[in-house]
Amino acid sequence: MAEENKKIKITIDNITVEVEPGTTIVEAARLLGSEFAPPTMCFYSKLEGSGGKCRTCLVEVAAGSAADPRPMPKLVASCRTQVMEGMVVKNITSERVLDARNGVVEFLLINHPLDCPICDQAGECYLQDLSYDHGKVGTRTEFVRRTFKREDIGPLIQLHMTRCILCYRCVMVADQLTNKRVHGIVDRGDKAAISTYISKAIDNDFSGNMIDVCPVGALTDKTFRFKNRVWFTKPVDAHRDCETPGCCGKATLWLRGEEVFRVTSRKDPWGEVQSFDGKPGWICNACRFDKKKTSDWVVEGLTQISRHSVIGANKYKVLDVPKETITEVMDGRDPKLLMNIHSVSGVNRPEIDLSKLNRPAHSDDFEK
Amino acid sequence: MQSLTNRVQPVDRSPMTIWEKMYLPAIVKGMGITFSHIFKKNPTINFPEKTRPFSPVFRGLQILNRDEEGRENCTACGLCAVACPAEAITMEAAERLPGEEHLYREEKYAAKYEINMLRCIFCGFCEEACPKDAIYLSESFMPSDYLRSQFIYKKEDLLIPNPKEDPEGYKKALGNRAAQKKQKD
């Protein structure tokens, strides 16, 4: 039996790493760091049975194993291929892989509407990142992009089927996190669509996690819809005591000033929810949609944002606003302002608290 | 001391001669220069009755564009605001209600859009960043004012005239810049 627990040596992009038997190539690559891991659109390590659908994680296996060092004839999906002793994997060092990935991105974008200026996911969208890294500027398809009749799936989640890449992650969330799944993929081929059959509202305590697992903007938060761009809000880590069983209570708040615009679960470098004590940190709908006040939460500190992410564009460094010392220096007198921008500006008026609206803002909301 | 350039000329501090002390020749020479300008071409123009043609790369006051049907192009994507080096642009978005389709081109639009003209440096990055052809720097100056509060330009101040109601005003406000940019693309 001792032999079964033996670690397996595998070489990824000329770097050797030792992993447990039964690990997939992508998980072994993730041990090396985010720049070595193949991009994944459908694989989600916290969801059982995910992966194998989007083909973005294709890698070349230059040597199958130490016992049989022949290369695998085709590129393999690294999220579904388990490691073998002495396997040699080429990811970014292989021209074939990069070329295939460009092709996969082109395929994923064939039906994508590219409405990033409207989409709430823009800025934290994995399809956006992937197409920047691997995509070509133009498309070669001449056909009309598929469109769908808009379906309302409840008051909390907005479904944009045109943006969907059919990764099945949200279906697995509903299967594995909630007691009853009411949505799935109906029809097939070009018409395959996420849908509730027949028109039901998705309503259970953990349905909001579908938003977090969605790699594109197909499922977005209706309470945050159009309220702000991701990169203008400030993410902070916060927690609260949540009574809902299964909810970890640890979340990221996206703030504008003191207003909580959005609550999401915390993400790890691969865009999946962080694990706490070995358990994935899913959060319940009460935390996500109802607790939109900073007083509901205990703020821990700023969320670490990758240097290259547009979310860091607001250049924040500290959580607290630095102390205003002008009055102190001037013996208690207030500085004479030539103009107070808040008395002139119509944006971000205190009487219009967008975070308290549980729906997107409309024209009449600004007429107060 | 070693001079930095070869154009340095030492100041002549020798005492003036009688001829120089009379000053008259110098005055005559100076008046000669002055009167010679009467016969030269006038370099100034009578602004604002007459205006000079702008350079094709002139960047003036921003306008928010509409499409041919008079709907606002802006979808409040925030790319102009994130590209703005002076952080002059702010906006708030809203969802289009049924019945507002003739006002806004897409389902999301800018309910509030402001440019702080005290901050704006007219670099044109907003125009370059815009994916929706919605913001252009026009061929007109920003008007001056006595009050600072007048320089916070709201959406009403920036929007181009509706091409359906006022086609003349629309054409004038759009100028040649939009057509030039389309040609470049």
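The legends below describe close-up views of a predicted model.

Local features are reported at pLDDT of at least 70 and side-chain atom pairs at pLDDT 80 or more, whereas totals for chains, interfaces and linings use all residues. Residues are numbered from 1 along each chain as its sequence is written, and chains are lettered from A and ligands numbered from 1 in the order in which they are written.

**Figure 1. Overview of chain A.**
Chain A contains 8 helices and 15 strands. Helices (H or I, at least four residues) and strands (E, at least two) are DSSP runs, numbered from the N terminus. The C-alpha trace of chain A spans about 80 × 50 × 45 Å along its principal axes. Of its 368 residues, 36% count as buried. A residue is buried if 20 or more other C-beta atoms lie within 10 Å of its own, exposed if 12 or fewer, and partly exposed in between, with C-beta atoms placed from the backbone. Among contacts in chain A between residues at least 6 apart in sequence, 64% join residues at least 24 apart. Two residues are in contact if their C-beta atoms, placed from the backbone, lie within 7 Å.

**Figure 2. The open sheet of 5 strands in chain A.**
The strand order is β2-β1-β5-β3-β4 in chain A, and the pairing is mixed. β2 (15–19) and β4 (76–77) of chain A stand at the edges with a single partner strand each, so one side of each has no neighbour in the sheet. Two strands pair if DSSP finds at least two bridges between them. Strand β1 (residues 8–12) of chain A is joined to β5(A) in the parallel sense over 3 bridges, and I10(A) stands opposite M87(A) in β5(A). Helix α1 (residues 25–32) of chain A lies across β1, β2, β3 and β5 of chain A, at about 115° to β2(A). Helix α2(A) also packs on the sheet, where α2(A) touches β3 and β5 of chain A and makes about 160° with the direction of β3(A). For these angles, axes are lines fitted to C-alpha atoms, for helices over the stretch in contact, and the values run from 0 to 180 degrees between N-to-C directions.

**Figure 3. The buried side of helix α2 in chain A.**
Helix α2 (residues 95–108) of chain A has 14 residues, which at 1.5 Å a residue should span 20 Å; its end C-alpha atoms are 20 Å apart, in agreement. The expected span is 1.5 Å times one less than the number of residues. The residues V97(A), R101(A), V104(A), V105(A) and L108(A) of α2(A) are buried. These residues cover an arc of only 100° around the axis, which places them on the same side of α2(A). The arc is that of the directions from the helix axis to the C-beta atoms. The partners of the buried residues of α2(A) are β3 (58–63), β5 (87–90) and α3 (126–134) of chain A.

**Figure 4. Strand β10 of chain A and its antiparallel partners.**
Strand β10 (residues 234–239) of chain A is joined by 6 bridges to strand β11 (residues 250–256) of chain A, and the two run antiparallel. Within this pair, K234(A) stands opposite L255(A) in β11(A). β10(A) also pairs in the antiparallel sense with strand β15 (residues 298–302) of chain A, over 4 bridges. Here H239(A) stands opposite V298(A) in β15(A).

**Figure 5. The surroundings of L177 in chain A.**
L177(A) belongs to helix α4 (residues 169–177) of chain A. This residue is buried, because 21 other C-beta atoms lie within 10 Å. Not counting residues up to four places away in sequence, L177(A) touches F206(A), N209(A) and W282(A).

**Figure 6. Backbone details in the loops of chain B.**
The peptide bond from F47(B) to P48(B) is cis, with omega near 5°; P48(B) lies in the loop between α2 (24–36) and β1 (62–64) of chain B. F122(B), in the loop between β3 and α4 (125–129) of chain B, has a phi near 55°, a positive value in a residue other than glycine. D133(B), in the loop between α4 and β4 (135–137) of chain B, has a positive phi of about 60° although it is not a glycine. F122(B) is partly exposed, with 16 other C-beta atoms within 10 Å, and D133(B) counts as partly exposed with 16 C-beta neighbours inside 10 Å.

**Figure 7. The contact between chain A and chain B.**
The contact takes 24 residues from chain B and 20 residues from chain A. On the side of chain B that touches chain A, β2 (89–95) and β3 (108–116) of chain B are the elements that give two or more residues. β2(B) gives the most, with 6 residues.
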